[in-house]
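Hi,

Here is the structure I promised to pass on.

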Amino acid sequence: MKLVFATNNPNKLKEVQEMLPNTIELLSLSDINCYDEIDETEMSLEGNATLKADYITQKYGYDCFADDTGLEVESLNGKPGVYSARFAGEPSNSENNMQKLLTELKNKSNRNAQFRTAVSLNINDANFLFEGICKGAILEKKQGEKGFGYDPIFKPENNTNSFAEMSSEEKNIISHRGIAIKKLVSFLSSYKK
């Protein structure tokens, strides 16, 4: 089965590729010669994921899935949420986003947060949604060199390490994206056309 993953993020692409069985041939946007910037204009993760999947399916005709992920911080009323990638403004920059978040949490004792991923799958003219959540807390300073995005300042529940201190295999087992992709893979393995 061929599926397009609608992302321009090479880190996400690699992470997801590692989780898929070899019965699924994963195509990137560059594999289908799509170099369009798909604006995320919806107000929810599910809306943005669906918008990106629909764009690829309608314009290029491929079965496709897309994701959108947000970091939701309890004491900031769920922010940055849908704006996680652009929290510190454009152009999107992980370092600036982390610094802004750490500054906003400076005097807050509640550092509870969760990563939430929505995956939208378009297959055979039908749409399916999958969700993954990883609860944890925001650290006071960066820890680790691996991962991307907010990984150096997010410590999942029941762990002593940040995402950025874990191997991709360790992270994929418990991460929001890992959970959502496992649901997607489980669905695809039993899906009949």
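**Backbone and salt bridges**

Asn-33 sits in the loop between strand 2 (25-27) and helix 2 (45-60); helices (H or I, at least four residues) and strands (E, at least two) are DSSP runs, numbered from the N terminus. This is a predicted model, where local features need pLDDT of at least 70, side-chain atom pairs count only at pLDDT 80 or more, and totals for chains, interfaces and linings use all residues. Residues are numbered from 1 along each chain as its sequence is written, and side-chain values use heavy atoms, with hydrogens and water left out.

Back to Asn-33: its phi is near 60°, a positive value in a residue other than glycine. At 53% relative accessibility Asn-33 counts as exposed; the cut-offs are buried under 20% relative accessible area, exposed over 50% and partly exposed in between (1.4 Å probe, protein chains only). Asn-158 also has a phi near 60°, again positive in a non-glycine residue. You'll find Asn-158 in the loop between strand 7 (154-156) and helix 4, and at 80% relative accessibility it is exposed.

There is a cis peptide bond too: it joins Lys-79 and Pro-80, with omega about 0°. Pro-80 belongs to strand 4 (residues 80-81).

Now the charges. The count comes to 15 salt bridges, each being a side-chain nitrogen of Lys or Arg within 4 Å of a carboxyl oxygen of Asp or Glu.

Which pair ties together parts that are 156 residues apart in sequence? Lys-171 and Glu-15 form a salt bridge, their closest N and O atoms being 3.0 Å apart. Lys-171 lies in helix 4 (residues 168-174) and Glu-15 in helix 1, so this pair links parts 156 residues apart in sequence. Lys-171 is buried at 4% relative accessibility, and Glu-15 is buried at 6%.

Two other pairs are local. Glu-18 bridges to Lys-14, with 2.8 Å between the closest N and O atoms; both lie in helix 1 (residues 10-19), 4 residues apart, about one turn of the helix. Glu-18 is partly exposed at 38%, while Lys-14 is exposed at 52%.

In helix 3 (residues 94-104), Lys-100 and Glu-104 are likewise 4 residues apart, about one helical turn. Their closest N and O atoms are 4.0 Å apart. Lys-100 is partly exposed at 32%, and so is Glu-104 at 30%.

Cheers
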